[in-house]
Amino acid sequence: MVAGWALGLAMLGGCDREAPPPPPLPQVKVAQPVVQDVTEYYYYRGTLAPVQSVDIRARVAGFVEEVRFRPSTDIEQSAPLFLIEPDRYAAAVSAAEAERDRLKALVDERLSIFTRVDQARNRNAATEAEVIEARAQLAQARAQLVAAEVAIRDAQIDLGYTEVSSPIAGRVSRNLVDVGNLVGSGENTLLTTVVQIDPIWCYFDVSEAIVDEYLQRREDGTIDEGHRDRIELALDSTPSGEYPFVGELDFVDNVVDGSTGTMRVRGVFPNADKRMLPGMSARLRAPYATIEDAVLVKEDATGKDLSGDYVLVVDDANVVSRRLVTLGPTVGSMVVVREGLSADETYVAVGLNKARPGATVDAVPLEDVADAESNAEPDEAAPPSDD
């Protein structure tokens, strides 16, 4: 009896308990889009090349007596590089000058003979045949003197070739011959190379459609001065998103590669610190348009399914809805929303996997999104196509 009474009290107490509280709402961080002007780019791959490149070769035969430079250094135009047996060619110049002096004396002698014979003919003391012979010998001596003058110039040119200098300013490679080597015997021996790398060129290929559109816009004046012929470059070793070298377009080829449908294009870049070297691979971007007052959201706040790209929008009642959007270029960790989202709406910036369309969430503002992202550098994670 007592046990039954106790069980009844227990059941009565259970009826007075409060229902358990509802589960907490999923917490997400929300933000409004950042609004700023965004430059759109075309992205390419390119190869660096020197503005000038010269093979330094021996133009006379002889033994190398001096190497007058340090490899891999920057040199000025006309800087001395090699000395090739100059005494031998100086002797040839002296011999040619001596032959010239001998022929000058011969010309004077033949001139004197011709004068005497010609005067004798006037007195009927010499025949016409003797005059003709004297004149011919004088002409022959004069021709030999002219040949001697030419021989002197040739010998002086060869003597000048014994002092090998650089025709351009640039960076010299290593010496390919050493002191004591015989060069120029039977061939113009390659001694070294010099390349000019400031400024430096970068070649890349662009689809003919884009080249045609760009040239037309440039002709029409629809490209502003800030974007006209501007090209930005980053070496492959440069971190992604940074394009520290700024140059300009200076050449568009006059033919289209029929196998690829592209045209060869070249940009020229200042290279005062010599960081860029010929043969290096590079990434380039060329600005072609500006999106004014672009709407940007965090790139990892976007999703994608069979319907397309979307963001999750939170209304004033913290109810989530799914919004299809059209995305544009990326800017740092953000992406441009071309269509589907306005600047005054609120989207789920962090916690996309916690929010469901139609559900209510605990929306917490994501602080300092604009301060953290508005100064982000453009990134090529999702560049526009150049096709």
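The predicted model has an open sheet of 4 strands, running β6-β5-β3-β8 with antiparallel pairing; strands here are DSSP runs of E, at least two residues long, and helices are runs of H or I, at least four, all numbered from the N terminus. Two strands count as paired if DSSP finds at least two bridges between them. At the edges sit β6 and β8 (182-183), each pairing on one side only. Strand β5 (residues 80-84) meets β6 in the antiparallel sense over 3 bridges, and Phe82 has Val164 of β6 as its bridge partner.

Val164 also turns up in the lining of the largest pocket, along with residues including Asp55, Arg57, Tyr161 and Pro167. A pocket is an open set of points on a 1 Å grid over the protein atoms alone, where a 1.4 Å probe fits and protein lies on both sides within 12 Å along at least five of seven lines; lining residues have an atom within 4 Å of a point. The volume is about 150 Å³, taken as the space filled by probe spheres set on the points, which are joined across faces, edges and corners. As for the lining, β2 gives the most, with 4 residues.

Over in the loop between β3 (62-67) and β4 (74-75) lies Thr73. Thr73 is buried, at 16% relative accessible area (buried is under 20%, exposed over 50%, partly exposed in between; 1.4 Å probe, protein chains only). Leaving aside residues up to four places away in sequence, Thr73 touches Gly170, Arg171 and Val172 (contact: heavy atoms within 4.5 Å).

Residues are numbered from 1 along each chain as its sequence is written, and side-chain values use heavy atoms, without hydrogens or water. Because the model is predicted, local features need pLDDT of at least 70 and side-chain atom pairs count only at pLDDT 80 or more, while totals for chains, interfaces and linings use all residues.
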